[in-house]
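User: Can you walk me through a few local features of this one? I'll ask as we go.

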Amino acid sequence: MKKLIELKNITKSFDEQIILDDFNLYINENEFITLVGPSGCGKTTLLRIIGGFENTDEGHVVFDNQDITKLAPNDRQINTVFQKYALFPHLNVYDNIAFGLRLKKRDEQEINELVKWSLKLVNLSNYEQRDIDRLSGGQQQRVAIARAIVNKPKVLLLDEPLGALDLKLRQNMQYELKELQKKLHITFVFVTHDQEEALSMSDTVVVMNNGQIQQIGTPEDIYNEPKNRFVANFIGESNIIPGKYLGNKLVEFENAIFECVDTNFKENELCDVVIRPEDFDVVNLENAKIKGIVTDKVFKGVHYELCLDVNNKEYIIHTYEDAQIGSTIGLNVDAFEIHLMKVNSLENA
Ligand SMILES: Nc1ncnc2c1ncn2[C@@H]1O[C@H](COP(=O)(O)OP(=O)(O)OP(=O)(O)O)[C@@H](O)[C@H]1O
Ligand SMILES: [Mg+2]
């Protein structure tokens with residue numbers, strides 16, 4: 001895989017507040033990479049720096065081994081779909097998409113071919129003459145994407161492109177965007193604060209908080225092996241329980257000893273034990289290593305979500321079986337469902 005974009009030691013402040021702090025990241029050719037993190041963590045700012053709409057205080061943006069830090073947006077082989085679509089309301093679909101090409105003085109014949117090509121890719125052929133305000137939210141989104149791909153950039157930056165759509169449409173568009181990326185063979189840098197969207201669409205997920213990277217990895221890595229408390233909490237629900245590594249793939253928590261698969265801990269080192277809600281097994285009380293009192297429950301369609309009180313700590317578990325509020329239930333966990341985190345990883349959270 002070839003590195004296409006490198007962000008090197010990027011620092012950016014607004015009003016003396018540091019928004020990006022010595023940020024380093026590389027993005028490969030043809031990669032679908034997603035930046036995910038809470039509101040205000042710097043995602044849009046980072047995208048604007050890659051697109052050339054924002055300067056850096058320090059650091060460099062490198063594209064295909066060339067320093068493009070000072071290059072104007074129009075001179076970059078990068079296009080953006082903004083958080084708000086920013087379509088021209090007084091122009092129809094065709095003219096919206098043709099706009100940038102006309103500025104570049106491309107001839108009308110070529111523009112016509114390109115506009116038709118891009119509309120076909122977003123499934124909007126036959127909408128050329130439609131006014132923007134007579135399109136649904138999802139259709140406007142497609143026009144914004146068509147406008148961004150029409151001059152065949154090497155990189156498409158997408159800033160929460162699906163944020164305004166309802167759930168069903170959002171899921172369809174997630175699928176379509178993924179297909180589009182495969183067809184176009186270009187790099188997508190996608191921004192969302194929806195962790196599920198990040199996991200389902202990406203080759204690589206970058207979890208950000210406070211202008212810093214908390215973890216980079218495949219969706220599976222990020223979900224199964226969160227590096228710290230922030231990632232474990234942000235990406236899906238987690239139970240984080242204080243424990244002690246005993247050595248020899250054994251860990252103690254809730255006054256019981258469990259087998260685990262982690263080994264990079266010293267004997268008797270304190271650790272945080274992460275267990276996903278769906279990874280507990282509900283078992284008979286006599287066989288249970290953990291016992292909890294059901295304090296709340298919600299039916300979620302396929303499963304029940306139960307809140308439990310376990311030794312004065314709140315657990316969240318998912319189970320297919322109903323349980324009465326106030327009853328005591330027993331839990332076990334398999335070794336490979338137990339993930340240990342370093343306690344000092346708290347510092348970043
Ligand atoms: N032009 C600006 N002037 C001053 N502060 C700014 C400017 N642009 C962004 N900020 C601040 O920088 C921080 C990061 O903003 P940014 O838009 O990058 O966040 P974000 O991660 O995209 O958030 P969201 O998920 O809400 O879109 C915020 O605190 C924001 O208020
Ligand atoms: Mg943003």
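Analyst: First a term: helices (H or I, at least four residues) and strands (E, at least two) are DSSP runs, numbered from the N terminus. This is a predicted model, in which local features need pLDDT of at least 70 and side-chain atom pairs count only at pLDDT 80 or more, while totals for chains, interfaces and linings use all residues. Residues are numbered from 1 along each chain as its sequence is written, chains are lettered from A and ligands numbered from 1 in the order in which they are written, and side-chain values use heavy atoms, with hydrogens and water left out.

User: OK. Where is Glu16 placed?

Analyst: Glu16 sits in the loop between E1 and strand E2 (17-28). Its phi is near 65°, a positive value in a residue other than glycine. Most residues other than glycine have a negative phi.

User: Is Glu16 buried or exposed?

Analyst: Glu16 is exposed, because its relative accessible area is 81%. The cut-offs are under 20% relative accessible area for buried and over 50% for exposed, with partly exposed in between (1.4 Å probe, protein chains only).

User: And what is phi at Asn311?

Analyst: Asn311 has a positive phi too, near 45°. The residue lies in the loop between strand E17 (304-310) and strand E18 (313-319). Asn311 counts as partly exposed because its relative accessibility is 46%.

User: Switching to strands. How do E12 and E13 pair?

Analyst: Strand E12 (residues 250-253) pairs with E13 in the antiparallel sense, over 4 bridges. Pairing here requires that DSSP finds at least two bridges between two strands. Leu250 has Glu259 in E13 as its bridge partner.

User: What's in the turn?

Analyst: The two strands, E12 and E13, form a hairpin with 2 residues between them, and Glu254 in the turn has a positive phi of about 50°.

User: Which residues of E13 are on the covered face?

Analyst: Ala256 and Phe258 are on the covered face of E13 (residues 256-259), with Ile257 and Glu259 on the uncovered one.

User: How many disulfides?

Analyst: The structure has 0 disulfides, a disulfide being a pair of cysteine sulfur atoms within 2.5 Å. Cys260 is in none, and its nearest cysteine sulfur, that of Cys271, is 7.7 Å away. Cys271 is likewise in no disulfide, with the sulfur of Cys260 as its nearest cysteine sulfur.

User: Are those two buried or exposed?

Analyst: Cys260 counts as buried because its relative accessibility is 3%. Cys271 counts as buried because its value is 2%.

User: Salt bridges next. How many in the whole structure?

Analyst: A search of the whole structure gives 15 salt bridges, where a side-chain nitrogen of Lys or Arg lies within 4 Å of a carboxyl oxygen of Asp or Glu. One of them joins the side chains of Lys2 and Asp64 (3.0 Å, N to O). That pair links distant parts of the chain, 62 residues apart: Lys2 is in the segment before strand E1 (3-14), and Asp64 is in the loop between strand E4 (58-63) and strand E5 (66-67).

User: Which residues are in a network with Lys2?

Analyst: Lys2, Glu29 and Asp64 are linked in a network of salt bridges. Lys2 is partly exposed at 37% relative accessibility, and Asp64 is partly exposed at 26%.

User: What does Arg229 bridge to?

Analyst: Arg229 forms a salt bridge with Asp272, with the closest N and O atoms 3.5 Å apart. Arg229 is in helix H8 (residues 229-234) and Asp272 in strand E14 (residues 269-275), 43 residues apart. Arg229 is partly exposed, with a relative accessible area of 26%, whereas Asp272 is buried at 5%.
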